[in-house]
Amino acid sequence: MTAFENYFSALKKVLGNEALYDVWPDFEPQYDEHEYAWATLRGLGEVLILNCGVCDGPSDLRHVRCRECVEKRSKIAKEAYQKATGRPKEKWSTLFLCRIHTE
């Protein structure tokens with residue numbers, strides 16, 4: 001279990017409701033669906049990098065909203081990949097969910 005999972009597990013105990021949420025509390029996604037990039041990394045092949053921006057979500061595919069976000073943005077990226085390379089992209093070998101901060 002990650003530190004955040006432990007924290008939210010303890011929060012459910014303090015609130016006295018173990019069924020409050022599954023792994024992570026709910027949240028409202030907040031990101032730019034076009035903030036993504038793909039790169040070829042040694043040992044991983046072509047990977048998709050998704051910027052989660054200022055989203056308060058856990059960046060964890062076990063959360064329904066994160067999974068929906070990744071599926072939607074992966075589709076957008078696959079379409080852009082095909083347009084840029086002329087070949088279809090069936091599946092990304094690896095997905096990176098990250099928050100890129102700039103000043």
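Predicted model: local features only at pLDDT ≥ 70, side-chain atom pairs only at ≥ 80, totals over all residues.

Trainee: Okay, so is Ser59 buried, exposed or partly exposed?

Mentor: Ser59 is partly exposed, because its relative accessible area is 23%. Its backbone has a positive phi of about 55 degrees although Ser59 is not a glycine, and the residue is found in the loop between E2 and H2. Those labels are DSSP runs numbered from the N terminus, helices being H or I with at least four residues and strands being E with at least two.

Trainee: What does E2 pair with?

Mentor: Strands count as paired if DSSP finds at least two bridges between them. Strand E1 (residues 36–41) is joined to E2 by six bridges and the two run antiparallel, with Ala37 having Ile49 as its bridge partner in E2. E2 also pairs with strand E3 (residues 94–98), in the parallel sense and over five bridges, and there Asn51 stands opposite Cys98.

Trainee: And which residue in the turn between E1 and E2 has a positive phi?

Mentor: That is Gly43, with a phi of about 85 degrees, in the hairpin that E1 and E2 form with three residues between them.

Trainee: Why is E2 described as largely enclosed?

Mentor: Five of its seven residues are buried, so E2 is largely enclosed by the rest of the structure.

Trainee: Changing topic, which residues make up the largest nonpolar core?

Mentor: A nonpolar core here is a set of buried Ala, Val, Leu, Ile, Met, Phe, Trp, Tyr and Cys residues joined through side-chain atoms within 4.5 Å. The largest one has six residues, namely Leu48, Leu50, Val70, Ala77, Tyr81 and Trp92. Strand E2 (45–51) and helix H2 (64–85) are the elements that give two or more residues to this core, and H2 gives the most, with three.

Trainee: What does Tyr81 touch, leaving aside its neighbours within four places in sequence?

Mentor: Taking contact as heavy atoms within 4.5 Å, Tyr81 meets Trp38, Glu46, Gly86, Arg87, Pro88, Lys89 and Trp92. Tyr81 lies in helix H2 and is buried, with a relative accessible area of 0%. Ala77, not counting residues up to four places away in sequence, touches Tyr36, Trp38, Leu48 and Trp92.

Trainee: Last topic: which residues lie nearest the centre of the largest cavity?

Mentor: On a 1 Å grid over the protein atoms alone, a cavity is a set of points where a 1.4 Å probe fits but cannot get out, a pocket is an open set with protein on both sides within 12 Å along at least five of seven lines, and lining residues have an atom within 4 Å of a point. The largest cavity is lined by 13 residues, and Phe27, Cys52, Cys55, Cys66 and Cys69 lie nearest its centre. H2 gives the most to that lining, with four residues.

Trainee: And what lines the largest pocket?

Mentor: The lining of the largest pocket is formed by Phe4, Phe8, Trp24, Pro25, Asp26, Phe27, Asp56, Gly57 and Pro58.

Methods
Residues numbered from 1 in each chain as written. Heavy atoms only, no water. Buried < 20%, exposed > 50% of the residue type's maximum accessible area, 1.4 Å probe, protein only.
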